[in-house]
Amino acid sequence: MNIVVCVKYVPDAQADRTFSQDNTTDRTNVDGLLSELDEYAVEEALKLAEAGEGEVTVVTVGPDGAAEAIKKALQMGADKGVHVLDDAIHGSDAPATSLVLAEAVKKAAGGSPELVLMGLASTDGTMSVVPAMLAERLGLPQITQLSSLEIADGKVTGRRDSDAASDTLEAPLPAVVSVTDQINEPRYPSFKGIMAAKKKPVETWSLADLGVDAGQVGLESAWTKVESFTARPPREQGEIVTDEGDGGTKLAEFLAKAKLI
Amino acid sequence: MADQIPFTETEERQALRKSVAAFASKYGEDYWLEQARAGKKTDELWADAGKQGFLGVAVPEEYGGGGGGIGDLAAVCEELSAAGCPLLLMVVSPAICGTIIASYGTDEQKQRWLPGFADGTRKMAFAITEPDAGSNSHNITTTATRTDDGWTLNGGKVYISGVDEVSDVLVVGRVESAKTGKLRPALFVVPTDAEGFSYNQIEMGIVGPEKQFVVHIDNVKLPADALVGSEDAGIDQLFAGLNPERIMAASSATGMARRALEKATSYAKEREVWGVPIGQHQAVAHPLAQSYVEINMARLMTQRAAALYEAGEYLLAGESANMAKYAAAEAACTTVDRAVQVHGGNGLADEYGLVHMVGASRLTRIAPVSREMALNFVAQFSLGLPKSY
Ligand SMILES: Cc1cc2nc3c(=O)[nH]c(=O)nc-3n(C[C@H](O)[C@H](O)[C@H](O)COP(=O)(O)OP(=O)(O)OC[C@H]3O[C@@H](n4cnc5c(N)ncnc54)[C@H](O)[C@@H]3O)c2cc1C
Ligand SMILES: Cc1cc2nc3c(=O)[nH]c(=O)nc-3n(C[C@H](O)[C@H](O)[C@H](O)COP(=O)(O)OP(=O)(O)OC[C@H]3O[C@@H](n4cnc5c(N)ncnc54)[C@H](O)[C@@H]3O)c2cc1C
């Protein structure tokens, strides 16, 4: 089975994140990494490929540094990588990202892929919409947010957990599937994986290579526009209750004032 | 060759460090201390690291290893230590025993031992220290005599780490050279369940999952192929294992120092007693800055020693390995001491995870080669001063 995994390169959440002059996230001056939630998609793809015959291709749409996300996935064990890199993509919104991804996935799979795996949400944008948009653009069935996954008889079956209930979902292949952080435990790149990644092929494609018109993507054609932003105000000092034998009462009063009890 | 060694680590080595650091954070100091204090081993960590191939990075690929060098193994060692969960037997098993067998073992010995070093399923202890010889390894008395079908070994060792958790011990003994009749060092693989082999634990005041033992070797019968390498190769093959040991010990020490410095630095940024973070007082800041310098110098020398060793420059590697070992131990001792001081009373409270490092950092000055012996080496070989002992 040939599996395509879409992975996103995101700014390191531990670092100070800033914005550029055009109100977009600064992706150049901050350390980035493979979105942690996408590691689960990579791991699931590797497990499927290892269990049978198959090849895992990772695709990313992102700036120069996004090559790091591909490298990490290759070190984990993916077979090849595709990096869509084009200045015109800067500032793209989710619809535009999914447009570029759709063309990249098709080209990477040489037509239609058998399975596209994605993360639950990116750890920076966290919209959790790209998998659905990509499925729509590819004209494929989608099952999202799976915590378990099985492939048999040309079908993908899996479980989606919610607070109240679990659904079992099924779709014919090819399909687009997104997975949660409950599905597996992503591996750490082994030394052999790190050394082998050096020799794995990575292709870099521009919008022209994908036949995508630059006018359809980028900051100008985004459906939303960031006008301004302000930093989150610093947290205010909380109320300190000193227990003088009436701590319980004071605590209850505080909770009542906040309409919590 | 030697002057082409670059001053930064390869991208792959850096990726290895990152991967090990992420892996180690799953275990960390809490796990390590909990196991140690409960008198348990860190077997899960060892097995898991083995499965990841981290313990076998330096074993040749044909035996299932990573095909890397001692610098890669040292990077693994340092990152585990920096994460607060060092594996002491890494210094011994893959680094000394693995290197010696890979360098001097017969094909059959390599087939038998190396795959287990590659995935961590095989652990081997190393025994050179003797009660009466100590740092003077020329004075060891454990002796092997030839028998019709092998060897008989007699002697005793002290402070041997991990004897209770290994299948075999690589013992440094002496053999009468067939050519010259002189006693020369030779290496034997001795199974811990061999008849005549026994050991008793030494009660130590340091915290750690690995224990030290007195080892008694009384008329232990060994097959001919228990001998690793040539009985005439002498000290060279021993140093094939001891330089990697020094590089590993240095890495473990710098890892510990990094951890202590990190704790001290973040504490110095947070703790306020005069209205400003204590790190604003130069008497607090400067020692930490000094530690940063000292740690980085020690790391650089360790990396250089590893690079020289990998390049086959064994003489230069020996000098660098001794300098690295010295510098790393000094950095570990002073940094842990400073970190405790910066924490005030908290420095001695279990909760802050520093007080157990006091003993551990002192160990780095003593073993596997003491500070004085490292300086003796430099005085004699680098400076050409008269031999002092
Ligand atoms: C180069 C670049 C510039 C951008 N500039 C702007 C900007 O100026 N303003 C702004 O508001 N937003 C910008 N974005 C962010 C972008 O709008 C969203 O990040 C993107 O549409 C995905 O939405 P999300 O992050 O919420 O992903 P989600 O929908 O949460 O992601 C779900 C899954 O979709 C896949 N996926 C998502 N994004 C990618 C990707 N890029 N490559 C491969 N797989 C992916 C992953 O598998 C991921 O786990 C930019 C993104 C990129 C890559
Ligand atoms: C926790 C721990 C684990 C260990 N694990 C192992 C192991 O697995 N295998 C193993 O073989 N050994 C092991 N050792 C032993 C260790 O290598 C020795 O303790 C070390 O080499 C020092 O030898 P010694 O203790 O006999 O000290 P001594 O040789 O008795 O030295 C005592 C002091 O005198 C100084 N000194 C000695 N000679 C000179 C000289 N010529 N010039 C100047 N100063 C000198 C030393 O530097 C030291 O400060 C371990 C030790 C410890 C504490």
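For the classes, Ala, Val, Leu, Ile, Met, Phe, Trp, Tyr, Cys and Pro count as nonpolar, Asp, Glu, Lys and Arg as charged, and the others, Gly among them, as polar. Before I go on, this is a predicted model, so local features need pLDDT of at least 70 and side-chain atom pairs count only at pLDDT 80 or more, while totals for chains, interfaces and linings use all residues. Residues are numbered from 1 along each chain as its sequence is written, and chains are lettered from A and ligands numbered from 1 in the order in which they are written.

Back to ligand 2. There are 23 residues around it, and G134(B), S135(B), S161(B), S370(B) and E372(B) come nearest; "around" means the C-beta atom, placed from the backbone, lies within 6 Å of the molecule. At least two shell residues each come from β1 (124-127), β3 (150-161), α10 (355-366) and α11 (371-382) of chain B. Helices here are DSSP runs of H or I with at least four residues, strands are E runs of at least two, and numbering goes from the N terminus. So where does ligand 2 lie? It lies between domain 2 (126-228) and domain 3 (235-382) of chain B, because both give residues to the shell. Those domain bounds come from an automatic or database domain assignment.

Now ligand 1. It has 34 residues around it, with T24(A), G119(A), S122(A), G125(A) and M127(A) nearest. By class, that shell has 17 nonpolar, 13 polar and four charged residues.

Chain B overall: 11 helices and eight strands. Its C-alpha atoms fill a box of roughly 80 × 45 × 40 Å along the principal axes.

One helix pair to look at in chain B: α1 (residues 11-25) packs on α4 (residues 70-82) at an angle of about 30°, axes 9 Å apart. Axes are lines fitted to C-alpha atoms over the stretch in contact, and angles run from 0 to 180 degrees between N-to-C directions. From α1(B), the contact includes R13(B), L16(B) and V20(B), and from α4(B), it includes D72(B), A75(B) and E79(B). Contact means C-beta atoms, placed from the backbone, within 7 Å. The residues of this contact split into seven nonpolar, one polar and four charged.

Last, the two chains: chain A puts nine residues into their contact and chain B 13. On the chain A side, helix α5 (residues 191-197) gives the most, with four residues.
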